[in-house]
Amino acid sequence: MQTMIQEPGNKYSIKYFPDAVHKWKREGNFFYFYTSETILEVRIISDRIIRFRYAPDGNFKRDFSYAVPANLKESIISFEIHELEDSFEISTSKINIYIEKENLKITVSDKAGHVINEDEIGFHWQYYLLKGGKIIYCSKKIQDGECFFGMGDKPTELNLRGKRTENYGTDSYGFKKGTDPLYKNIPFYYGLHHHIGYGIFFDNTFRTLFDFGQERPEATSFWARGGQMNYYFIYGPGLLEVAAQYTRLTGAPELPPLWALGYQQSRWSYFPDAKVKEVAAEFRKRHIPCDVIHLDIDYMEGFRCFTFSKENFPDPKSLTEELEEMGFKTVAIIDPGIKVDPDYDIYQQGVQKGYFCKRADGALMEGDVWPGKCVFPDFTNPEVRAWWSGLFKKMVDLGIRGIWNDMNEPAVFEIGTFPEDVRHDYDGDNCSHRKAHNVYGHLMSKATAEGLKKHLMPYRPFVITRSCYAGAQRWTSVWTGDNLSTWEHLWIASVMCQRLSISGISFAGSDIGGFIGEPDGELYIRWLQLATFHPFMRTHSASNETKFDQDPWSFGPRIEYIAKKFLGLRYRLLPYIYTTFWQYATEGTPMLRPLSFVAQDDSATYNRNSEFMFGDQFLISHVGEPGLNEKNVYLPKGEWYYYWNDKKFKGGSEITIPTPLDEIPLFVKAGAVIPKYPHLEYVGEKRILEMTLHVYYSSEICHSVLYEDAGDNYGYLDGNFNTIRFKLMTDDRGLKLKKKYIGRFDSDYLRYRVIFHGIPFAATEYVVDGRVHRLGARNFAVGTVKVVVDRAFEEIVIR
């Protein structure tokens with residue numbers, strides 16, 4: 001018999017627990033442990049990733065996931081099982097898993113015997129008498145000093161210890177610090193204790209909740225109001241290793257078009273078409289870098305998706321062509337709500353084919369959004385997704401290069417979202433909205449991306465979504481939603497983008513300056529400075545809140561000058577940013593890294609929120625208060641150069657940095673090689689004939705990498721790319737930079753301008769592949785040595 005516990009006086013609170021194991025079996029990489037009614041399935045995916053799945057009544061439900069690709073393969077590893085007196089021990093080369101015979105409680109340890117994660121109460125459940133099914137729980141012991149990170153877009157401190165969070169995608173207009181739930185649903189967290197990192201991904205699309213010691217300080221727990229207890233344990237021990245393994249599990253992104261990493265300008269709304277052209281022309285007139293103009297809902301005919309206003313956008317093809325000639329790509333918004341209109345072809349098609357969501361009694365799910373009364377496609381139906389994908393041919397033919405999915409939590413005016421009785425196909429496993437809610441926007445963005453990819457070929461698609469589930473990084477970028485023009489929201493933007501990045505979705509950004517309200521010039525420029533180091537960089541603001549524009553020139557000449565400075569820096573750093581994205585796509589490493597992820601042996605980093613790494617080499621700390629003249633910044637161990645003046649700092653402590661309005665605290669790791677483009681106003685403006693390499697002296701052996709390809713096609717999948725690896729070292733002959741080049745992409749540039757920073761000796765000559773050159777006055781600038789070399793060089797020595 002299974003164990004039962006009931007709270008006194010609450011007849012609905014009976015909880016059930018597994019009893020003793022009476023048999024077990026192995027089938028390949030799967031192990032099954034049987035109690036009187038419950039079955040535990042343990043799947044060994046790799047030596048670091050283990051899945052635990054429970055069937056409390058002895059019957060497993062369909063093994064299906066919208067997060068983990070169906071073609072996920074186990075790594076070829078060796079593992080073994082031993083039956084001990086009180087438990088079963090499953091061993092891989094990295095960890096040991098212990099399963100107690102008495103109650104199925106699980107403990108995971110490393111090979112040295114250190115406990116990584118262990119059940120407290122462990123798995124248990126109760127019957128959900130009001131709505132059907134079961135509420136399933138799992139509780140774990142909190143280890144001494146343990147910290148918790150991750151969980152998607154939660155607008156709170158990075159360390160979640162002592163907090164409770166919830167996943168149920170919600171349109172939270174003007175959300176605040178601590179608002180929960182929000183738009184995205186990422187049921188994945190990290191644990192860190194005794195310098196050991198691990199992750200747990202709870203793959204369940206029902207409403208899920210996580211308690212990190214708020215209710216009981218000694219326990220963390222996660223539960224869902226339906227579905228299966230199905231979670232993955234991921235071992236590091238490094239937090240970045242956990243991040244990489246999680247990305248391996250849920251899927252890596254494709255490389256974006258390079259222009260999508262440039263600056264993007266938006267407003268609700270730029271209309272009519274003459275206004276769009278005016279804004280674009282102003283960017284070029286003022287020589288302010290920008291690659292993308294967004295069209296919000298007012299481009300449509302009565303807010304009908306896939307239409308253009310006959311009055312305000314009578315010739316969209318000519319508009320996008322004119323923008324393209326000026327160097328702009330056009331991105332258009334598409335919401336899920338389809339207007340109820342018998343004369344509207346999209347509505348007609350969906351009704352005739354039964355593609356719209358229905359209530360439990362068979363009536364169409366109708367709700368009010370921007371067009372008025374609307375119906376909504378069932379994106380959990382693969383046939384509907386294919387239909388939706390096909391609708392983007394028209395948009396692509398009209399010159400649209402990217403799509404922005406909004407309102408897809410799904411949001412419905414007045415009632416918030418769909419009622420729970422709405423039915424969904426769920427890829428052949430018919431269910432209520434309780435199960436499908438958290439993947440509705442996820443699958444909308446997937447269908448959108450598939451349509452764009454098909455119709456844009458050979459070019460790469462660009463998709464943005466407000467709502468999604470775990471694994472959405474495979475096809476979309478995200479933004480943080482309807483934020484406010486406040487200094488608190490600047491802080492929120494920083495922590496949300498860091499959190500999203502370590503939750504698998506690095507291609508993230510916020511609405512610069514805030515969507516709701518009017519920032520002053522100081523807040524706007526401090527936000528833009530931060531966003532320069534976010535992968536998705538877009539200004540967006542709401543016309544219903546203000547008539548004030550948030551263009552870079554809207555705040556006067558001084559702010560415009562500083563904006564040009566930072567946008568210019570963004571474009572010069574595109575080779576570095578693109579390389580960092582390539583590392584994310586190939587290695588799974590997050591592009592933004594909280595300090596605890598790069599210095600997990602240093603407990604002083606565990607509660608830092610303002611500092612983060614952007615890729616391997618840059619450390620940023622945004623200025624988060626008005627009128628701030630200086631701020632304290634914590635630098636991890638090592639040596640760091642202050643970007644603006646090359647001053648060198650020793651890490652492992654907090655330092656004080658001046659914060660004039662035209663600077664943000666920005667540091668470069670000693671030993672870095674930073675590639676830079678020349679000045680650009682947009683991607684593809686001109687041929688890049690010279691690449692600059694900034695080399696920062698270190699006495700240690702240091703490695704850097706540069707990745708390059710065409711930037712907007714799929715040739716890289718056929719090997720048409722270059723990886724250029726740099727090794728910096730010192731010896732008794734001086735400072736040596738070695739380069740190893742692999743690839744067959746034909747880059748335009750023919751030479752490198754190499755700028756060495758921080759050389760501690762008086763250099764007199766440089767040697768390129770054995771050929772000696774004297775250093776003259778033209779090779780020196782303040783604190784630097786500059787040389788120009790052929791792209792094919794293999795070694796430079798400064799001595």
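1. Tyr714 in this predicted model has a relative accessibility of 11%, so Tyr714 counts as buried. The cut-off for buried is under 20%. Tyr716 also stands at 11% relative accessibility and therefore counts as buried.

2. The structure holds 76 aromatic pairs, taking rings whose centres lie within 6.5 Å. Tyr714 and Tyr716 make one of them: their ring centres are 6.3 Å apart and their planes meet at 25 degrees, so the pair is stacked. The cut-off that matters here is that planes under 30 degrees apart count as stacked.

3. Aromatic residues also gather elsewhere in the chain. One aromatic cluster is formed by Phe306, Tyr347, Tyr355, Phe356, Phe376, Phe379, Trp387, Trp388, Phe392, Phe418 and Tyr440. A reader can pick out these residues one by one in the structure above.

4. Charged groups over rings deserve a separate point. The ring of Tyr32 has the charged end of Lys25 sitting over it, 5.5 Å from the ring centre. Likewise, the charged end of Lys101 is placed over the ring of Phe88, at 5.3 Å from its centre.

5. How do helix 2 and helix 3 pack? Helix 2 covers residues 273-285 and helix 3 covers residues 316-325; the angle of packing is about 5 degrees and the axes are 11 Å apart. Helix 2 and helix 3 are therefore roughly parallel to each other, as angles under 35 degrees count as roughly parallel. On the helix 2 side, the residues that meet helix 3 are Asp273, Val276, Lys277 and Ala280; on the helix 3 side they are Leu319, Glu322 and Leu323. Sorted by type, the residues of this contact are 4 nonpolar, no polar and 3 charged.

6. Helix 11 (residues 557-572) and helix 12 (residues 574-587) pack at about 55 degrees, with axes 5 Å apart. These two helices are therefore oblique to each other. Arg570, Tyr571 and Arg572 of helix 11 meet Leu574, Pro575 and Ile577 of helix 12. This contact of helix 11 with helix 12 is made up of 4 nonpolar, no polar and 2 charged residues.

7. Is Pro289 buried or exposed? Its relative accessibility is 1%, so Pro289 counts as buried. Pro289 belongs to the loop between helix 2 and strand 21. Beyond its neighbours within four places in sequence, Pro289 is in contact with Tyr263, Phe283, Leu567, Gly568, Tyr571, His679, Leu680 and Glu681. For Tyr263, the separation along the chain is 26 residues, while the C-alpha atoms of Pro289 and Tyr263 are 6.9 Å apart.

8. Glu301 sits in the loop between strand 21 (292-295) and helix 3. With 27% relative accessibility, Glu301 counts as partly exposed. Not counting residues up to four places away in sequence, Glu301 touches Thr307, Phe308, Ser309 and Lys310. Glu301 and Glu311 are 10 residues apart in sequence, and the C-alpha to C-alpha distance is 8.5 Å.

9. Glu166 is part of strand 14, which spans residues 164-167. Although Glu166 is charged by residue type, its relative accessibility is 16%, so Glu166 counts as buried. Leaving aside neighbours within four places in sequence, its contacts are Lys154, Asp180, Pro181, Arg207, Thr208 and Leu209.

Conventions: Residues numbered from 1 in each chain as written. Predicted model: local features only at pLDDT ≥ 70, side-chain atom pairs only at ≥ 80, totals over all residues. Heavy atoms only, no water. Axes fitted to C-alpha atoms, helices over the stretch in contact; angles between N-to-C directions. Helix = DSSP H or I, 4+ residues; strand = E, 2+ residues; numbered from the N terminus. Parallel < 35°, antiparallel > 145°, perpendicular 65-115°, else oblique. Contact = heavy atoms within 4.5 Å. Phe/Tyr/Trp six-rings, centres within 6.5 Å; stacked < 30°, edge-to-face > 60°. Buried < 20%, exposed > 50% of the residue type's maximum accessible area, 1.4 Å probe, protein only. Lys NZ or Arg CZ within 6 Å of the ring centre and 35° of its normal.
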